[in-house]
Amino acid sequence: MKAPDFSYFEAQNIEDAIKYKSEDDEAVILAGGQSLLPALNMRLSSPSCLIDISKINNLNEIKIEGDFINIGALATHSDVMNNDLVHEKLPCLVDILKMVAHAAIRNKGTHGGSIAYGDPAAELPAFAVAMNAEIVLSGLSGQRIVNAKDFYLGLFETDLKSDEILIAIRYPLLDVNQHLIFDEVCRRHGDYAMAGLMAKVELDQSKINNLDLVYFATGDKPNVGQNTAKLVIDDGYDYEKLKKSLASEIDFAGDLNSSSEMKLHLATILINKILNKLER
Amino acid sequence: MSAKNSVNISFSVNGENFDDVTVPTRQHLADYLRSQGLTGTHLGCEQGACGACTIEMDGVAVRSCLVLASQANGSSITTVEGFDDEVMQKVKNNFLKHNAFQCGFCSPGMLMTTKEIISSKKKLSRDEIRSEISGNYCRCTGYQSIVDAIEETINEIN
């Protein structure tokens, strides 16, 4: 299908974009458009106006700031994958991005766009939550920082206010004993996962000291398995026990590819896959 | 500072300049190109899944169904019609030799993706080639012959 009618505004700087967005509740930010345009073409969304921020300078920088690696909102997935700093400081992100769609889409899709769009089936929102990332927002009254854990409120719903634009994501650098391990089950490479897991693991020798489990493609937003993570630390992998725990703390929502029961099963076995990866 | 439902843009396609042309804001780039007679760019799914509309924009492959014509302002575009150099000749010969054009619907996207693959000048394994073209559907399922053709081209130019 074709996109519905909307007006278009090419912002030359962040201030213009913020001002425009604050004046029109129905306007939507366009960055790479690789999630937004399919939604428009399928008429799942009908904004009044697209505010194109893709031409704004200096929003695609990737740099180290103290104990953080700061990724500018407009860095494309390809930019991030080919960046030396990311390879050195956050190599797991390169492997994760290989699972995000295909080269031609990664060439245009942006890091900030994926984080701000908040698709519950996408890898990056769950990655940001697992990494305890800080999301930098800019609005009429200046900048504020929101922790990724507090940013996702519901299905495609985030803490972004109507006058705010996401301008960067700050990931805390991992210590040598911290690891971000991920896995997902999908029908075809590059497709959305049927279920996926980002696990941040803190090791003391080979014992797990601390564990964060964040799922994607399981519910309405990145789903945290807090109690389940405690069970894994205490008792290791026990399918029935972990499945019961996940069922009690995550509201699994089925989709066309997999029922909620299937997602619960996959979410459980993904823990085993992660633990196996950790041993290697 | 006002928004409009049509915009005037300038860009180049296959070396030809399009200056100050008016495009509806809702029109994606593939539809605009096709409206100008450049019908080599095919449209399959219009949601980024099939890869038939792949073109080159400022040196990298993109889906022209997921780029608005208005976003092309100031850019340099190559479509399958403009991919006609010596390398293309080799690709085309190999696609013909291995019967990699079947119904032809996916071919423009496959060719543009091949252009990006071979421009990296890397020697790729068959598995890597399959991974690189994983974003392009061939509903004839002629992947084997397409991989054969790309593999032979890579061997020839490296």
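## Basis of the model

The structure is a predicted model, in which local features need pLDDT of at least 70 and side-chain atom pairs count only at pLDDT 80 or more, while totals for chains, interfaces and linings use all residues. Residues are numbered from 1 along each chain as its sequence is written, chains are lettered from A and ligands numbered from 1 in the order in which they are written, and side-chain values use heavy atoms, with hydrogens and water left out.

## Overall fold of chain B

Chain B contains five helices and five strands, where helices (H or I, at least four residues) and strands (E, at least two) are DSSP runs numbered from the N terminus. Along the sequence these elements follow the pattern β-β-α-β-β-β-α-α-α-α. The C-alpha trace of chain B spans about 50 × 30 × 25 Å along its principal axes.

Chain B exposes about 6800 Å², of which carbon and sulfur atoms supply 45%; accessible areas come from the Shrake-Rupley method with a 1.4 Å probe, and for residues only the protein chains shown count as cover. Among contacts (heavy atoms within 4.5 Å) in chain B between residues at least 6 apart in sequence, 54% join residues at least 24 apart.

## Domains of chain B

The domain assignment of chain B gives domain 1 (6-81) and domain 2 (83-157), with bounds that come from an automatic or database domain assignment. The C-alpha centres of these two domains of chain B lie 22 Å apart, and 19 residues of domain 1 are in contact with 14 residues of domain 2.

## Selected residues of chain B

Thr41(B) is placed in the loop between helix H1 (29-35) and strand S3 (54-57) of chain B, and it counts as buried because its relative accessibility is 2%. Leaving aside neighbours within four places in sequence, the contacts of Thr41(B) include Ala30(B), Leu33(B) and Arg34(B), as well as Cys53(B), Ile55(B) and Thr79(B).

Most residues other than glycine have a negative phi. Asn14(B), although not a glycine, has a positive phi of about 50 degrees; Asn14(B) lies in the loop between strand S1 (6-13) and strand S2 (16-24) of chain B, and is partly exposed, with a relative accessible area of 29%. Asp58(B), also not a glycine, has a positive phi of about 45 degrees and is placed in the loop between S3 and strand S4 (60-63) of chain B.

## Chain A

Chain A is divided into domain 1 (7-52), domain 2 (62-172) and domain 3 (178-279), and the C-alpha centres of domain 1 and domain 3 of chain A lie 34 Å apart.

Met99(A) is found in the loop between helix H5 (91-97) and helix H6 (103-106) of chain A. Leaving aside neighbours within four places in sequence, Met99(A) is in contact with Glu123(A), Phe182(A), Glu184(A), His189(A) and Gly190(A).

Notes: Buried means under 20% relative accessible area, exposed over 50%, partly exposed in between (1.4 Å probe, protein chains only).
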